[in-house]
Each structure stands twice: as structure tokens, then as C-alpha cells.
Amino acid sequence: MSGNIELLNTTLAAAKAADRAALIAYLPAGFPTVDGGIEAVKAVVAGGADVVEVGLPHSDPVLDGPVIQTADDIALRGGVRIADVMRTVREAYEATGVPILVMTYWNPIDRYGVERFTAELAEAGGAGCILPDLPVQESALWREHADKHGLATVFVVAPSSQDARLATITAAGRGFVYAASLMGVTGTRASVGAQAQELVGRTRATTDLPVCVGLGVSNAAQAAEVAGFADGVIVGSAFVKAMLDAPDEAAGLAAVRSLAGELAEGVRKR
């Protein structure tokens with residue numbers, strides 16, 4: 001079975017045709033439970049998310065701030081496994097029909113096996129992977145199998161990336177480019193910063209892929225600001241915090257659905 005990279009491509013193209021940015025939501029698998037995580041994906045899509053990133057919880061998440069680290073710890077203590085991540089992708093995709101990607105560090109894939117991981121992700125209906133710590137020059141094996149199985153390979157670029165490096169990274173990527181708005185880890189912030197807009201401009205000079213911005217967006221006003229210059233707005237910590245702060249799972253699901261609605265409205269006010 002082939003993965004859903006084409007669904008990702010058409011979804012991002014449809015948002016562009018509607019003169020707006022796409023809303024991309026991040027939620028970790030297994031948080032607060034595997035079933036609860038699946039319901040959370042359904043909730044953000046019901047609220048208006050166009051694309052969802054399902055996080056594969058990892059014990060050393062170098063890109064993630066304290067909010068997502070807390071959720072990852074809850075998931076890991078609950079015994080989440082890669083099979084649960086694949087189940088989350090499958091059930092979320094079947095229920096929503098939107099592109100579902102996995103955001104993961106390289107070590108779990110390396111241990112699991114690249115061919116096995118890509119084949120199972122494609123079979124589950126996944127659209128691809130975001131790989132924040134896989135150097136592009138070491139990515140040939142991954143990209144070979146991802147391409148074979150119809151999966152996007154999304155690399156992360158940062159304000160520190162030099163133009164030549166940006167060109168190398170974007171030439172190897174598929175689906176979209178993840179532009180980190182700042183140097184640091186994930187988390188909600190008071191402002192997204194001018195660095196993000198400059199990075200998007202420099203990245204677009206190297207590729208026709210959509211450029212989506214993450215790290216720091218937490219409310220509709222910030223989403224509208226980023227949507228003014230990016231093809232997609234990626235929000236993670238704000239959704240996870242809404243779940244963590246809720247008194248129970250039902251309230252958490254209602255909170256993430258409401259937040260997705262506010263952010264979806266924001267990306268339409270670019």
C-alpha cells in the first residue's frame with residue numbers, strides 16, 4: 001500500500017488556492033492514553049486543522065520544550081510503543097481523512113528498521129515523517145524507502161541555516177519544509193519574531209515546496225501573523241498544554257477542539 005504524500009500535497013495546495021495558510025496541529029501519540037490521543041487528533045481536525053503531526057514519544061526529545069516533554073513522559077510511562085503510533089495514525093486517518101504525518105527522532109526508526117517503519121506507516125495511511133535530527137547528508141536510506149512507499153520526508157530548517165545549506169535540505173525534502181521560527185525548543189511564546197519571516201523568504205528562494213512555520217505559535221493572532229508569510233502554521237505546545245491543563249479528558253478534548261477553531265479562524269485572517 002502506498003502512503004498519502006499526494007493527499008498532503010493536494011491539501012496544502014487547496015489551502016493556497018483558498019488564499020490562506022494551512023493549519024498543522026501536533027499531538028503526541030499515547031497522550032494522555034493511546035485512545036485519548038486518537039480522540040485528540042479527531043478533535044483538532046473537527047476544530048479545523050488541515051494536517052496533523054503525530055509525535056512519536058522519545059526519551060530525549062532535543063527539539064521539544066517542557067510541555068511536550070511532559071506529555072512524552074506520560075505516554076512513555078503508559079507504555080506507548082511504535083505499534084501504538086501506527087495505530088494512532090491509522091485510526092486518525094480513517095476517522096478524519098486528513099493527512100497524518102509522524103514527527104520522530106531518528107533513533108527509534110533506526111532501531112525499528114527503516115523498511116519496516118516506512119512500510120507500516122504507509123499501510124496505516126500515513127502521509128510521511130518529519131525528522132528533526134536526521135542530517136540530510138545521512139538521509140539517503142530513509143528517502144529511498146520513503147519514496148518507495150509514497151511518504152513525504154520533511155526536514156527542519158532554522159534561522160542559522162546558511163543559504164547553501166537551505167538549498168541542499170530543500171532539494172532532498174518532499175511534502176513541505178518545516179521552518180523553525182527561532183533557535184530553541186518548542187513552546188508557546190509571546191511573539192514569533194521577525195526571524196521566521198526572513199527564513200521563509202530565504203527558504204522559498206531555494207524550492208517550490210510549501211514552507212510551514214512552527215515553534216511559538218499559540219493563539220489566533222500569532223497564527224494570522226505567520227499565515228501572512230508562510231504556507232502553513234504549525235502548532236503543538238499550545239494543544240498539548242490545553243490537554244495538560246484540563247481537569248479531565250473530556251474537557252481536554254473540548255479545549256483542543258476550541259483552540260483549533262480559533263487558530264483555523266486566525267489562518268484565514270492573514
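In strand E4, glycine 128 is the bridge partner of leucine 101, and this bridge belongs to the pairing of strand E3 with strand E4 (residues 128–130), which runs in the parallel sense over three bridges. Here two strands are said to pair if DSSP finds at least two bridges between them, and the strands (E, at least two residues) and helices (H or I, at least four) are DSSP runs numbered from the N terminus. The model is a predicted one, in which local features need pLDDT of at least 70 and side-chain atom pairs count only at pLDDT 80 or more, whereas totals for chains, interfaces and linings use all residues. Residues are numbered from 1 along each chain as its sequence is written, and side-chain values use heavy atoms, with hydrogens and water left out.

Cysteine 129 also lies in strand E4, and with a relative accessible area of 0% it is buried, a term that stands for under 20% relative accessible area, while exposed stands for over 50% and partly exposed for values in between (1.4 Å probe, protein chains only). Apart from its neighbours within four places in sequence, cysteine 129 is in contact (heavy atoms within 4.5 Å) with a set of residues including Leu101, Val102, Phe117, Trp142 and Val154. Threonine 104, another contact of cysteine 129, is found in the loop between E3 and helix H5 (106–112), and it counts as buried at 0% relative accessibility. Among the residues that threonine 104 touches, leaving aside those within four places in sequence, are Leu56, Ile109, Ile130 and Asp133.

Strand E2 (residues 51–55) is mostly covered, with five of its five residues buried. Val51, Glu53 and Gly55 point one way from E2, while Val52 and Val54 point the other way. Strand E1 (residues 22–28) pairs with E2 in the parallel sense over five bridges, and proline 28 stands opposite glycine 55 in E2. Together with helix H2 (residues 34–47), E1 and E2 make a right-handed β-α-β unit, where right-handed describes a crossover whose path from the first strand over the helix to the second runs clockwise when the strands point away from the viewer.

These strands belong to an open sheet of nine strands, which has the order E5-E4-E3-E2-E1-E9-E8-E7-E6 and parallel pairing. The edge strands are E5 (152–154) and E6 (156–157), each of which pairs on one side only. The secondary structure of the chain comes to 12 helices and nine strands. The radius of gyration, taken over C-alpha atoms, is 17 Å, close to the 18 Å that the globule rule (2.2 Å times the number of residues to the power 0.38) gives for 270 residues, so the chain is as compact as a globular protein of that length. Of the 270 residues, 58% count as buried, and among contacts between residues at least 6 apart in sequence, 75% join residues at least 24 apart.

In soluble globular proteins, nonpolar side chains tend to be buried together. The largest nonpolar core of this chain has 93 residues, of which Val44, Phe117, Trp142, Phe176, Val233 and Phe239 touch the most other members; such a core is a set of buried Ala, Val, Leu, Ile, Met, Phe, Trp, Tyr and Cys residues joined through side-chain atoms within 4.5 Å. Helix H12 (residues 249–267) gives the most to this core, with seven residues. Valine 44 is in contact, beyond its neighbours within four places in sequence, with Ala25, Leu27, Ala49, Val52, Phe239, Val256 and Ala260.

Valine 67, by contrast, is placed in helix H3 (residues 66–77) and counts as partly exposed, at 23% relative accessibility. Not counting residues up to four places away in sequence, valine 67 touches Ser237, Val240, Lys241 and Leu244.

The peptide bond from phenylalanine 31 to proline 32 is cis, with omega near 0°, and proline 32 has its place in the loop between E1 and H2. Aspartate 19, in the loop between helix H1 (5–17) and E1, has a positive phi of about 60° although it is not a glycine, and at 58% relative accessibility this residue counts as exposed.
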